Amino acid sequence: MLNLSLEQDHLQHAIEQGQFTLVYQPKLSLNTGHVVGVEALIRWNHPEYGWISPAEFIPLAEQNGTITDITKWVLYEACRQNKAWHDQGFPKTIISVNISPLDFESTELYQLILDTLDQTGLDPNLLEIEITENVMLNHISQTIETLKEIKRTGIRIAVDDFGKGNSTIRYIRDLPITTVKIDRSFMQNIPYNQKESTVVKNMIELSHNLDLEVVAEGVETEEVVTFLSLHSCDVAQGFLFSKPMSLDNYQALIKQTDSYSKELIYRLEKHINVKSAQMNDHRFKSLFEQNPDLVCSFSLEGHVISVNPTIQHMLGLNQKDVMDSHLANFIRDSDQFKALRHFKQVLKGEIPEAVELDLIHSNGHYVPTNAVCFPMLLGERIVGVYSVIKDMSRQKELEQKLIESEKKYRLITENMSDLVVVVNRGGSIDYASPSNEKAFQIKQELILQKNIMSFIDPEDVGHAYEVFDRIFDQHEAQSTELRLNTNNGKIVWIEAHGSPVFSEDGSVEQIVVVSRDITRKKQMGAELKAAQDDLKNTLERQLGMTFKYIKTQSGYVHTLCEGELMRKFGYKSEEVVGYTLYDFLPIDKAKMIDYYYKLAWHGDDVHFESTLNGISFIMQLKPVMYNDKVLEVIGSCAELTRQ
């Protein structure tokens with residue numbers, strides 16, 4: 001057992017006589033299994049006492065002042081050895097060195113690190129210093145400034161033993177660090193201890209929210225690896241992968257460790273993926289249980305993990321019967337390749353466009369659908385696929401009817417009342433249907449001698465040119481509204497739809513313009529707006545108050561509220577419309593009126609008397625019904641004090 005006989009000269013002598021040595025423990029990526037770093041750990045081979053743990057001699061070194069010399073030696077040896085490995089062809093990894101809290105009280109630490117990197121030639125990005133929470137207990141401002149200087153060079157900074165004390169959590173937000181290392185004590189009981197498992201999960205989430213890498217220390221079982229992977233921990237370090245290695249063993253065993261770790265992660269990956277998919281899917285399914293579209297999720301192999309009740313309506317299948325079935329079982333043979341290609345694109349991390357697929361109904365007929373898939377992620381790793389599938393049967397029926405309608409339309413073009421013209425790139429009219437004669441009060445042969453812009457109202461000519469240019473340049477149909485000047489001086493509003501006609505070389509040669517007279521529609525729109533304005537003015541001037549409301553998830557929301565009485569109550573329309581009673585009334589008054597609102601929404605005509613802000617009033621509520629369902633409630637309110 002180490003005792004105080006080993007004083008300062010003994011430790012200094014140990015450095016000079018080469019009694020210290022470094023061992024190296026690998027850190028492994030939980031995503032790939034590759035070695036991504038190593039931690040350099042000091043050991044003392046004393047000629048009399050044998051191997052002495054750093055837990056015994058480091059505190060003594062901190063007491064007698066030799067810790068700085070030890071840090072200097074460890075830092076130099078770790079950087080020199082890492083550079084040597086890289087020069088020998090080993091993969092470039094980050095080497096971590098523990099720095100004593102006492103070293104931060106020295107103003108020479110920053111320069112010491114720079115000098116060491118300069119002497120060894122190691123890239124600063126391949127060095128990480130590890131600090132403990134004790135660094136932050138004293139001189140926090142000075143410590144932060146020192147760490148900022150170190151980080152600016154590209155060196156990584158890790159907080160060791162994260163979660164072991166309170167100070168780390170308190171200062172973690174403000175420290176200029178890159179990594180947190182969760183203390184090994186938390187690894188002993190997860191995933192079986194729910195409390196500690198929750199703590200670890202929250203520490204990982206907290207660190208990721210602060211954009212920090214997370215390393216778990218003391219990993220010794222595959223169950224811990226599975227838990228950490230499920231909760232997106234980045235890196236693991238522990239005896240499960242490798243004990244600390246001597247220099248000779250490191251060179252011999254590091255590739256073996258890398259291979260073992262990759263095999264372990266690969267072996268656990270399917271189990272982790274399925275568990276992650278089930279965890280994610282539990283939350284996912286609860287959101288879409290009532291979705292009218294078919295919502296399902298698949299494993300990486302394409303087997304159903306979950307599906308919502310819509311599958312019964314869409315395909316005539318029960319949810320339980322399709323679980324674990326392969327997606328190909330539900331897809332028409334001719335669409336199999338297209339569906340699997342879409343699925344594989346999602347697994348590659350791509351975001352493909354929605355795909356049209358025919359699914360197989362239980363009675364044998366095909367259901368046309370539109371399917372969109374997106375990845376189920378565990379961190380950056382894809383562990384499954386979500387899919388939302390919309391039944392397109394009704395839309396396909398409408399499209400077919402539209403095609404049939406268009407065929408008939410082409411047959412009667414010459415006899416239709418709509419205006420049809422064909423215009424070339426110069427704006428000249430190459431064809432005009434007979435309906436144009438009546439509209440413009442000009443013979444058809446004279447129309448063919450004119451430029452189409454001569455018929456358009458001067459105020460709309462600029463806009464018309466823009467629309468024509470878009471059709472010619474973008475090769476896409478365009479719709480717009482324009483005013484035309486007829487030969488008898490009248491102005492006609494038209495709704496025009498222009499479609500490109502392509503030449504053999506793919507350029508737009510002409511535009512077919514189909515127009516419809518919407519003059520009456522415009523007049524009716526103007527008349528309706530005027531009537532609405534009159535109604536609004538009337539409501540605003542009325543002595544009482546008129547209002548409407550509907551039922552939403554937030555409660556009974558007002559869609560209209562006008563009248564003099566509202567202003568006497570002390571409210572403006574914009575304070576009521578879009579809000580519930582609880583948003584602007586005192587709670588007791590809101591509860592009372594909400595009771596009557598509820599009666600009306602159930603189909604009853606309701607009237608009652610009350611007071612608000614010193615004003616007595618009578619209120620009447622009348623539901624608007626359709627097919628025995630309340631669509632909205634109209635209310636009126638009058639002041640009793642005027643009667």
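Predicted model: local features only at pLDDT ≥ 70, side-chain atom pairs only at ≥ 80, totals over all residues.
User: Where do I start? How many helices and strands does the chain have?

Analyst: The secondary structure comes to 21 helices and 24 strands. The chain has 643 residues, and 44% of them count as buried.

User: What share of the contacts in the chain with a separation of 6 or more comes from residues 24 or more positions apart?

Analyst: Those residues account for 52% of such contacts.

User: Now a helix. How do I read its faces?

Analyst: An α-helix has 3.6 residues a turn, so residues three or four places apart point the same way. Take helix 5, residues 140–152. Its buried residues are Thr143, Ile144, Thr146, Leu147 and Ile150. They cover an arc of only 165 degrees around the axis, so they sit on the same side of helix 5.

User: Which exposed residues does the face turned away from the buried side of helix 5 carry?

Analyst: That face carries Ser141 and Arg152.

User: What covers the buried residues of helix 5?

Analyst: The cover includes helix 4 (109–120), strand 5 (127–131) and strand 6 (156–162).

User: How far does helix 5 reach from its first C-alpha to its last?

Analyst: It reaches 18 Å with 13 residues, close to the 18 Å expected at 1.5 Å a residue. Just after helix 5, glycine 154 takes a positive phi of about 105 degrees.

User: Let me try helix 12. Which of its residues are buried?

Analyst: Gln336, Ala339, His342, Phe343 and Val346 are buried in helix 12. Seen down the axis, they fall within an arc of 135 degrees, so they line one face of the helix. On the other side, Phe337 and Lys344 are exposed.

User: What span should the 12 residues of helix 12 have?

Analyst: They should span 16 Å at 1.5 Å a residue. The end C-alpha atoms are 17 Å apart, which agrees. Just after helix 12 comes glycine 349, with a positive phi of about 90 degrees.

User: And the loop between helix 11 and helix 12? Is serine 325 there buried or exposed?

Analyst: Serine 325 lies in that loop, between helix 11 (319–322) and helix 12 (336–347). Its relative accessible area is 18%, so it is buried. Leaving out residues up to four places away in sequence, serine 325 touches Gly302, His303, Val304 and Phe330.

User: Next, aromatic rings. How do I read a pair?

Analyst: A pair of aromatic rings is described by the distance of the centres and the angle of the planes. A search of the whole structure finds 19 aromatic pairs. In one of them, tyrosine 556 and tryptophan 601 have ring centres 6.2 Å apart and planes at 55 degrees, so the pair is tilted. This pair links distant parts of the chain, 45 residues apart. Tyrosine 556 is in strand 21 (residues 555–562), and tryptophan 601 is in helix 21 (residues 587–601).

User: Are these two residues buried or exposed?

Analyst: Tyrosine 556 counts as buried at 7% relative accessibility. Tryptophan 601 counts as buried at 15%.

User: What is tyrosine 579 in contact with, leaving aside its neighbours within four places in sequence?

Analyst: Its contacts are Tyr556, Val557, His558, Glu574 and Phe584. Tyrosine 579 is in the loop between helix 19 (573–576) and helix 20 (581–584). At 39% relative accessibility, tyrosine 579 counts as partly exposed. Tyrosine 579 and tyrosine 556 are 23 residues apart in sequence, with C-alpha atoms 8.0 Å apart in space.

User: Last one. Where does the charged end of lysine 243 sit?

Analyst: It sits over the ring of phenylalanine 239, 5.6 Å from the ring centre.

Note on methods:
Residues numbered from 1 in each chain as written. Heavy atoms only, no water. Helix = DSSP H or I, 4+ residues; strand = E, 2+ residues; numbered from the N terminus. Buried < 20%, exposed > 50% of the residue type's maximum accessible area, 1.4 Å probe, protein only. Contact = heavy atoms within 4.5 Å. Expected span 1.5 Å × (residues − 1). Arc of directions from axis to C-beta. Phe/Tyr/Trp six-rings, centres within 6.5 Å; stacked < 30°, edge-to-face > 60°. Lys NZ or Arg CZ within 6 Å of the ring centre and 35° of its normal.
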